Amino acid sequence: EIKRAEGSPVFRPEREAQVIHGLQSINRGPLKPENVATIWREIMSACRALEAPQRVAYLGPAGTFSEQAALQFFGSSIEHVPCVSFDEVFQAASAGTADFGVVPVENSTEGVVTRSLDLLLTSPLHIVGEISLLVRHHLLRKEPSLDGIQAVLAHPQALAQCQGWLSKHLPAAERRAVASNAEGARLAATNSAFAAIAGERAGSEFGLHTAAHAIQDEAFNRTRFAVVCLPQTLAAPQASGKDCVSLVVSVPNRPGAVHDILVPLKQHGVSMTRFESRPAKSGQWEYFFFIDVQGHPSQPHVAAALADLQRLCAFYKVLGTYPAGD
């Protein structure tokens, strides 16, 4: 009622992050910090649903890691908007079909998700939050054994993250890329010669056996997801005390140009946590650089560093300012 009277936003990611971090810091009971976060995220999600339904787009169908990330970030009291591609997620959030979109941007094994970065570059959406998900890939099929598997179906990223295990245990099986891991699970439920690489949610959704557990090549395989929306849906969150600024820049093609854009960060004591390059697709061997820095633009040293950095760039765009994920 207070939010409605004041016209304030339903979703305040920085405030929710502050509350959860505060509760975790004073927790002296047997609950783990992540359990505290899960419980209170659900309470907040239920309260937000009373204020206004929140439509969240993600790569579907049901059972994908993108859906799991959306539920982990927003809680279960959301309206699901499953999409067939990352492009459709961005389109849904841009057109108003969804209030928010959730897309993977980086994996600890395979690096950046290039399509998501390309879409962030050209989209009107900005990042308002992030969530890091521990990804455990299981081999799912209609039968509980590895016998008779002719094809393994999964998203290309999942196939790449499990290539060592597949080469050792199923060297003769075809590796078939599909739109999502959950789509692979859906197809595996129709043919006993198929197996899918997906998470537990997909196995439950389609009634599949787990023929092999945790087949990812890296034991601590994590994927980082970005939460995006239009600025008019939610403005850049205020400082939470633990924040991140994501940028994309390009610099003139001259000696030392890349070095020069890092100097303002050092001079003003701003820590850079990510630096990735992507071809500008101009045919001239030019590049865009995706940069994450710690802090919030309301902090004077961060604002000064960003201002100096912008003056050195031929292209400069802030992709988002948001509470940093754990």
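**Close-up views of helix α5**

**View 1. Packing partners of α5.** The buried residues of α5 pack against β1 (55-59), β2 (79-83), β3 (100-107) and α6 (114-122). Buried means under 20% relative accessible area, exposed over 50% and partly exposed in between (1.4 Å probe, protein chains only). Contact means heavy atoms within 4.5 Å. Helices (H or I, at least four residues) and strands (E, at least two) are DSSP runs, numbered from the N terminus. This is a predicted model: local features need pLDDT of at least 70, side-chain atom pairs count only at pLDDT 80 or more, and totals for chains, interfaces and linings use all residues. Residues are numbered from 1 along each chain as its sequence is written, and side-chain values use heavy atoms, leaving out hydrogens and water.

View 2. Helix α5 spans residues 86-95, and its buried residues are Phe86, Val89, Phe90, Ala92 and Ala93. They fall within an arc of 160° seen down the helix axis, so they line one face of α5. The arc is that of the directions from the helix axis to the C-beta atoms. Exposed Gln91 and Ala95 sit on the face turned away from the buried side. Just after α5, glycine 96 takes a positive phi of about 95°.

**View 3. α5 against α6.** The two helices pack at an angle of about 30°, with their axes 10 Å apart. Axes are lines fitted to C-alpha atoms, for helices over the stretch in contact, and angles run from 0 to 180 degrees between N-to-C directions. From α5, Phe86, Asp87 and Phe90 make the contact; from α6, Arg115, Ser116, Leu119 and Leu120.
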